[in-house]
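Thank you all for coming; I would like to walk you through one protein chain this morning. Please look at the sequence and the structure first, and then we will go through them together.

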Amino acid sequence: MVAIVIASLIAGDFADTSPENFHDLLRSPPDKSLCAQLIVPAGYSCSENTIQTKDGYLLALQRVSSSRPNNSGERGPPVLLQHGLFMAGDAWFLNNPEQSLGFILVDHGFDVWVGNVRGTHWSYGHKSLSEKDKEFWDWSWQELALYDLAEMIDYIHSVTNTKLLVVGHSQGTIISLAAFTQPQIVEKVEAAALLSPISYLDHVDAPFVLRMVSLHIDQMILAMGIHELNLRSAWGVSLLDSICDGHVDCNDLLTSITGKNCCFNNSRVDFYLQYEPHPSSSKNLRHLFQMIRKGTFSKYDYGILKNLIEYGQLKPPEFNLGNIPKLLPLWMAYGGNDALADMTDFLHTVKELPSKPELLYLEDYGHVDFIVSTSAKEDIYDDMIRFFKSLGNYSSFPSILPPSMVDVNGALIA
């Protein structure tokens with residue numbers, strides 16, 4: 001969720017990072033493609049794909065594989081990685097190959113696909129709209145679920161001719177759960193692993209987020225005619241400054257957003273800031289804040305009159321978690337220090353599901369730990385991969401040695 005309002009963005013030791021220095025930290029995003037920037041230099045094969053949603057957005061979808069395929073030359077089962085708010089596909093590759101989930105899954109033989117929702121730097125805009133048009137930003141996570149994720153799943157399914165696995169973090173779990181309530185989408189999904197799962201948000205206790213909610217920042221932004229929420233802009237930095245000013249201790253901003261993270265690598269903050277944050281829409285933030293205020297897992301609330309026009313009813317329809325197929329295998333990991341995926345809300349989500357998902361609880365983990373923890377492989381990813389490989393169709397496919405374990409002649413490095 002707002003996990004990454006600035007999670008990777010302004011993380012680390014704030015003793016040396018005062019608000020007036022935010023401009024220095026928020027660097028321009030890289031010009032190269034995601035494949036060229038992060039994945040190929042690490043020794044992996046990567047291809048760029050472009051898909052178009054039904055409402056005209058052009059999305060980047062990377063496909064990652066090892067430069068050393070298994071003995072049969074075949075790819076393993078496809079898995080789609082879906083990032084959180086203010087992030088993009090780079091989130092899965094920000095640590096070294098031995099610590100980053102994207103690389104780890106490839107090393108275990110999976111056919112890895114990397115999603116990038118509309119508005120992020122790696123995606124390519126719209127077939128007819130400019131990013132300067134307010135209509136370009138007229139969407140929330142509702143459209144990300146029903147259009148972006150749906151199109152990614154459909155494309156991967158058509159290319160691989162098999163059901164796929166889905167991995168989501170934070171907002172990636174919101175849109176996954178919403179999409180899984182739709183029969184035409186979920187029928188193409190074999191199983192899902194959700195990190196910091198979110199559907200209900202009314203028990204969020206992150207001080208920074210609650211401060212923004214109480215100030216009605218979401219409504220103010222939209223009333224000012226600001227449709228693109230770009231935290232790299234001068235306006236975005238000024239917003240953070242104003243919220244921090246006397247209200248939240250921004251010397252510990254990451255903790256005030258996500259909860260205390262046990263295993264975040266402060267030494268890599270400078271590197272993370274080369275990629276994060278990505279833009280989102282003001283309407284998306286408004287939708288998330290509606291969930292916090294109302295305690296519902298529903299479509300966007302336009303108000304009574306427009307709800308009648310859009311939905312044919314006074315209140316927005318809810319996404320009914322009870323519609324997710326009971327036979328869909330689910331694995332969920334959640335943390336005791338996560339201030340966004342609160343325990344009460346998480347248990348509410350689990351209670352609504354028809355099935356009993358496999359659960360992994362990490363007492364010391366905050367919201368960001370699930371994707372950038374230096375020990376996430378041992379703490380989380382190994383168990384996730386065990387879950388995937390326990391599925392009937394995937395129990396016997398081989399792993400691939402990571403490129404870092406192989407010399408230039410293809411020999412195993414001792």
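Let me begin with a term: a residue is called buried when its relative accessible area is under 20%, exposed when it is over 50%, and partly exposed in between, using a 1.4 Å probe and protein chains only. What you see is a predicted model, in which local features need pLDDT of at least 70 and side-chain atom pairs count only at pLDDT 80 or more, while totals for chains, interfaces and linings use all residues. Residues are numbered from 1 along each chain as its sequence is written, and side-chain values use heavy atoms, with hydrogens and water left out.

First, the overall picture. The protein chain has 414 residues, of which 58% count as buried, and its secondary structure comes to 16 helices and 10 strands; here helices (H or I, at least four residues) and strands (E, at least two) are DSSP runs numbered from the N terminus. If we take contact to mean heavy atoms within 4.5 Å, then among the contacts between residues at least 6 apart in sequence, 78% join residues at least 24 apart. The accessible surface is about 16100 Å², with 49% of it belonging to carbon and sulfur atoms; these areas come from the Shrake-Rupley method with a 1.4 Å probe, and for residues only the protein chains shown count as cover.

Now to the cysteines. A disulfide here is a pair of cysteine sulfur atoms within 2.5 Å, and a search of the whole structure finds 2 of them. One joins C35 to C46, with an S to S distance of 1.9 Å. Since C35 lies in helix α2 (residues 34–39) and C46 in strand β1 (residues 44–52), the pair ties together parts that are 11 residues apart in sequence. The torsion about this S-S bond is about -60 degrees, so the disulfide is left-handed, and C35 counts as buried because its relative accessibility is 4%. Another disulfide joins C262 to C263, at 2.4 Å from S to S, and this link is also left-handed, with -90 degrees about the S-S bond. Is each of these two cysteines buried or partly exposed? C262 is partly exposed at 36%, whereas C263 is buried at 16%.

Leaving aside neighbours within four places in sequence, V372 is in contact with N95, C263, F264, N265 and Y272. V372 and N265 are 107 residues apart in sequence, and their C-alpha atoms are 7.3 Å apart in space. V372 counts as buried because its relative accessible area is 0%.

Which residues does the UniProt record list under "active site"? The entry, which is unreviewed, lists S170, D338 and H367; its positions are given in the numbering used here, feature names are shortened, and annotations may be inferred rather than shown by experiment. The three span 198 residues in sequence, yet no two of their C-alpha atoms are more than 10.7 Å apart, so they gather at one spot. S170 sits in the loop between β5 (164–169) and α5 (171–180), and H367 in the loop between β10 (358–362) and α15. S170 is buried at 0% relative accessibility, and H367 is likewise buried at 0%.

Finally, the charged pairs. A salt bridge means a side-chain nitrogen of Lys or Arg within 4 Å of a carboxyl oxygen of Asp or Glu, and the whole structure has 13. In one of them, D111 pairs with R75, the closest N and O atoms being 3.5 Å apart. This pair links distant parts of the chain, 36 residues apart, with D111 in strand β4 (residues 111–115) and R75 in the loop between β2 (58–66) and β3. D111 is buried at 3%, while R75 is partly exposed at 44%. The side chains of D218 and R286 also meet in a salt bridge, at 3.1 Å from N to O. D218 lies in helix α8 (residues 217–223) and R286 in helix α12 (residues 282–294), so this pair ties together parts that are 68 residues apart in sequence. D218 is buried at 1%, and R286 is buried at 17%.
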